[in-house]
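Please walk me through this structure in the viewer, one selection at a time.

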Amino acid sequence: MDDKVKYYLEIADNALILSYRLSENSSKGPFLEEDLACTNIALDLIGQAESLYNEAAKLNGKGQSGDDLAYRRSERDYFNTILVEQPNKDFAYIMVRQFFVDVFNYYFHTELSKSRDKYLAAVATKALKEATYHIRRSAEWMLRFGNGTEESNRRAQDAIDELWKYTGELFNASEADLNLRESGVSIDLKEVQSHWNLKVNEVLYLAHLKKPNNEFQLPGGKNGIHSEYMGLILTEMQYLPSKYPDAIW
Amino acid sequence: MKKAAIDEAQLLKEFEEKIEAEVKIEPRDWMPDAYREHLIRQISQHAHSEVIGMQPEGNWITRAPSLRAKKILLAKIQDEGGHGLYLYSAAETLGVSRDQFLQWLHEGKAKYSSVFNYPTLNWADIGAIGWLVDGAAITNQVSLQRTSYGPYSRAMIRICKEESFHQRQGYEIMWKMMEGTKDQQRMAQDAIDRWWWPALMMFGPHDTDSPHTSNAMKWKIKRESNDRLREKFINKTVPQAELIGLKVPDDQLKVVGKDQMGEPMYAHGDIDWDEFWRVVKGDGPCNKQRLDHHINAHENGKWVRECAYAYQIKTNNQ
């Protein structure tokens with residue numbers, strides 16, 4: 001696969017699968033305003049994914065559409081991180097997962113908006129505006145959880161402890177990513193990581209929440225090796241295009 | 001005591017004069033208790049309908065068959081929730097809190113539109129909900145833009161702007177499916193077969209059997225009768241169905257004349273009122289499922305609301 005297409009898909013798949021998880025939470029929020037906020041972020045993310053799939057399909061030059069890329073690949077050919085596949089165990093899991101990704105997206109898109117690939121830079125500039133709002137919301141929830149009640153602190157800490165091992169993958173550069181460095185298309189994830197660490201440390205400190213001591217990390221998604229959840233997500237998401245391959249919706 | 005009674009008669013007279021002159025009633029204005037109670041019931045029922053209506057559509061978000069379809073459906077569900085918010089706010093101006101409205105819903109004391117007690121079984125059901133259910137809702141809501149209570153009227157004006165997009169996207173789904181494969185056409189026909197009658201029932205019982213209509217019409221809360229609104233909906237919708245090759249599942253449906261614009265007017269077959277009342281009273285396919293879902297989400301969110309409240313108190317005291 002072309003490096004650029006692979007790089008586009010990594011970013012798009014991360015947005016699509018997180019959007020999927022957020023959209024599952026529709027009508028299940030703790031109150032109506034937060035219910036709508038989750039849907040709103042799901043919409044932002046799917047918009048980002050769509051722009052990238054459409055362009056990747058063109059770059060690919062195989063006559064596919066953006067929808068074909070989103071809906072008609074096998075599990076092994078999706079390159080999102082394992083973090084975004086993790087299920088909506090409770091509102092603390094949803095928001096901790098979101099916080100980790102929002103902080104990443106904020107600094108990632110800040111860098112990517114300087115990419116020499118003009119299309120990527122434009123998508124990142126738009127995504128950065130959205131990420132600025134997303135990070136504010138999820139960081140506020142960390143402060144509420146941590147400083148709210150004993151139960152909210154415990155639930156948030158449980159989510160942090162369980163999800164921590166999937167955060168490292170955000171900063172693992174794939175081969176395609178590394179190959180695109182010299183031409184200035186892809187961006188340095190180490191830079192993003194140092195910003196991410198500072199921000200996460202700051203917010204967790206203010207929230208009286210702890211970074212886990214165990215540094216074990218479980219990557220795989222960027223190479224197409226996912227968690228068991230991924231197959232189920234795709235089974236559901238691809239249901240109609242798989243069952244009725246000739247239909248146009 | 002006597003003075004108060006005189007004052008109340010005077011207040012009622014002034015209230016009725018305002019209604020007569022099409023002056024909107026505002027939250028701080030005096031209003032008869034029965035007017036307030038009618039509005040509390042109607043607006044909260046309307047708000048609950050928007051919120052419970054998120055469930056049958058939400059059933060297909062994860063399976064929406066294209067990125068565009070998924071975006072539209074997410075945006076639509078988000079709109080419905082937003083309408084719920086406007087309407088809860090409008091209802092709160094009558095002196096009842098949102099928490100209280102939710103409690104009444106959970107206790108079965110407050111209703112929501114029965115149409116959401118039917119299941120969404122294939123993708124065309126998402127089209128049918130937009131086209132028929134939102135289409136029926138708009139017919140009613142356009143008329144409610146002129147309702148006499150200010151906050152309700154203003155909420156309706158905002159809501160109507162968004163609902164017409166909902167109806168168009170629903171019709172577009174149906175139209176695309178009727179242009180598509182045999183399987184898609186079968187799904188679309190199946191959807192109208194199941195949603196047509198519940199959509200007609202949304203307008204409520206015939207005028208002769210509608211217990212709340214007379215006061216509501218007198219006070220201009222309601223501006224047009226159930227049967228009149230139902231006719232308008234049928235006259236508008238049947239030609240749309242025919243245009244894309246869908247058969248309306250009513251053997252007795254027939255053209256009985258033309259309106260001033262030369263458009264056909266229809267007479268329809270009998271509505272199954274036994275089914276209507278059965279579903280209203282709780283025995284629809286999804287009544288328990290919808291309410292349980294709402295109660296579960298609310299209970300699962302209790303610790304979140306407590307946490308947000310505790311944090312607010314702490315930060316306010318700092």
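Two rings of Phe, Tyr or Trp, taking the six-membered ring of Trp, are called an aromatic pair if their centres lie within 6.5 Å. With that rule, a search through the whole structure, over all chains, turns up 28 aromatic pairs. Keep in mind as you look around that this is a predicted model.

**First stop: two tryptophans in chain B.** Select Trp60(B) and Trp123(B). Their ring centres are 6.4 Å apart and the planes meet at 65°; an angle over 60 counts as edge-to-face, so this pair is edge-to-face. Now trace the chain between them: Trp60(B) belongs to the loop between helix H3 (54–58) and helix H4 (67–92), while Trp123(B) belongs to the loop between helix H5 (98–106) and H6. The pair thus links distant parts of chain B, with its two members 63 residues apart.

**Next: a pair of neighbours.** Select Phe276(B) and Trp277(B). Here the ring centres are 4.9 Å apart and the planes stand at 80°, so this pair is edge-to-face. Phe276(B) is buried, at 9% relative accessible area, whereas Trp277(B), at 36%, counts as partly exposed.

**Then: helix H6 of chain B.** Select residues 124–144. These 21 residues reach 29 Å from the first C-alpha to the last, close to the expected 30 Å. Where is the kink in H6(B) centred? Click on Asp134(B): the kink is centred there and amounts to about 30°.

**Over to chain A.** Select Phe99(A), Phe100(A), Phe104(A), Phe108(A), Trp164(A), Phe171(A) and Trp196(A) together: they form one aromatic cluster.

- Lys6(A) lies over the face of Phe79(A), 4.5 Å from the ring centre.
- Arg144(A) has its charged end over the ring of Trp141(A), 4.5 Å from the centre of that ring.

**Last stop: confidence.** Colour chain B by pLDDT. Its mean is 94, and 97% of its residues reach 70 or more. For the model, the scores are ipTM 0.96 and pTM 0.95. Where pLDDT is low, the predicted coordinates should not be read in detail.

Definitions and conventions
Residues numbered from 1 in each chain as written. Chains lettered and ligands numbered in written order. Predicted model: local features only at pLDDT ≥ 70, side-chain atom pairs only at ≥ 80, totals over all residues. Heavy atoms only, no water. Helix = DSSP H or I, 4+ residues; strand = E, 2+ residues; numbered from the N terminus. Expected span 1.5 Å × (residues − 1). Bend = angle between axes of the 7 residues up to and from the residue. Phe/Tyr/Trp six-rings, centres within 6.5 Å; stacked < 30°, edge-to-face > 60°. Buried < 20%, exposed > 50% of the residue type's maximum accessible area, 1.4 Å probe, protein only. Lys NZ or Arg CZ within 6 Å of the ring centre and 35° of its normal. pLDDT = per-residue confidence, 0-100.
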